[in-house]
Amino acid sequence: MLIVMRHGATTDEVQKVVSVIEEMGYQATSMPGAQRTAVGLVGNDGRVDASRLEGLPGVQEVIHVSKPYKQVSREWRPESTIVKFAGGVTVGGTEVVAIAGPCSLETERQVLESARVVKEAGAVILRGGAWKPRSSPYSFQGLGRPGLKLLAKAREETGLLICTEAMDPDGVGWVSEMADIVQIGARNMQNFSLLKVAGRCGKPILLKRGISATIVELLLSAEYLLAEGNHDVILCERGVRSFDTMTRNLFDLTAIPVVHKLSHGTGLRDKVIPMARAAIAAGADGIMVEVHPNPEDALSDGAQTLYPDQFTQLMREVRIIAEAIGRRVAEPAAVGA
């Protein structure tokens, strides 16, 4: 439920609405806007007496949010979320953000070389998995906590922001101490205990859509994060499972107006560049691409990983497309900014 205040409603009137909601046994969230303030009622079990709120001074209307997800919905907050980082980087505004790096961290040389390559091409955020969920227990699982130190060293040298995945509640603590963005992978999109902990970690979350998840299920997973107080959530469309094995994943371009994010949606190197171009044209706020100095030697997902020169080409093309639709690509921050 959303209580919209009249234009010019006083602070005391807003606080009275908050107090009444709390007296009714629910949680209230005040949301000041450019024109007027709204107060969200969280925990609505369907028995809320709206008349108690409609008659309060300063209240213009009470809106029953129809979506199963509440705080994620445009009914709740019509303005777009803009996630802000150090160095002036933002996700969700007018700039298109490039996140790039290896699927998994392997060696110090590989991490640092990848960081230099993607920054030179125009990425502002370095991605790389310290932990890697794999279908086979015998596949490379990542370096673990030592990998976080490599990412920290890469950030110190290049100034790139860091995004890496947390696999479990303990991992959220380790990752949030070091990373600028905590990634929740596709396999963990509906790991609700993990989402609750991530929602309390104090760092922005990049939430990937599960391979068989609907858009509503993705948004409900995001609702878990917002319900814990974290409103800095970046939604990532990474491709869903389809009946056709030729593309590995089916990249859902029509989801972009909802999820506004891109990852490796096809699983095949020769498809990554054209789909990334299409995503920017469709309105994505950024791209998330795997890049490795030597993809043929990568310990995970080499087939979908770009060579450095391919990523450089992609960034040139993304700049052209962004400019054509009135946007621009975010520039890397200076080291130490």
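Colleague: Why is A100 called buried?

Modeller: In this predicted model, A100 has a relative accessible area of 0%, and since a residue counts as buried when that value is under 20%, A100 is therefore classed as buried. A100 lies in strand β7, which runs over residues 95–101.

Colleague: Which residues is A100 in contact with, leaving aside its neighbours within four places in sequence?

Modeller: A100 is in contact with V118, A123, I125, L126, R127, V289, V291 and F311, where contact asks for heavy atoms within 4.5 Å. As for E228, which is 128 residues away from A100 along the chain, the C-alpha atoms of the two residues are separated by 28 Å.

Colleague: How do you know that the span of helix α1 agrees with what its residues should give?

Modeller: Helix α1 has 13 residues, 11–23, and at 1.5 Å a residue they should span 18 Å; the expected span takes 1.5 Å times one less than the number of residues. The end C-alpha atoms of α1 are 18 Å apart, so the two values agree.

Colleague: Which residues of α1 are buried, and what puts them on the same side?

Modeller: The buried residues of α1 are V14, V17, V18, V20 and I21. They cover an arc of only 165 degrees around the axis, and therefore they lie on the same side of α1. On the other side of α1, T11, D12 and E23 are exposed, a word kept for a relative accessible area over 50%.

Colleague: What covers the buried residues of α1?

Modeller: The cover includes the strands β1 (2–5), β2 (27–32), β3 (37–42) and β4 (59–63), together with α2 (51–54). After α1 comes G25, whose phi is positive, near 95 degrees.

Colleague: What makes you say that both faces of β1 are covered?

Modeller: On one side of β1 there are L2 and V4, on the other I3 and M5, and all of these are buried. In a regular strand the side chains alternate between the two faces of the sheet.

Colleague: How do you know that β1 pairs with β3 and with β4?

Modeller: A pair of strands needs at least two bridges. Between β1 and β3 there are three bridges, in the antiparallel sense, and between β1 and β4 there are four, also antiparallel, so both meet the requirement of at least two. V4 has A38 as its bridge partner in β3, and in β4 V4 stands opposite E61.

Definitions and conventions
Residues are numbered from 1 along each chain as its sequence is written. This is a predicted model: local features need pLDDT of at least 70, side-chain atom pairs count only at pLDDT 80 or more; totals for chains, interfaces and linings use all residues. Side-chain values use heavy atoms; hydrogens and water are left out. Helices (H or I, at least four residues) and strands (E, at least two) are DSSP runs, numbered from the N terminus. Buried means under 20% relative accessible area, exposed over 50%, partly exposed in between (1.4 Å probe, protein chains only). The arc is that of the directions from the helix axis to the C-beta atoms.
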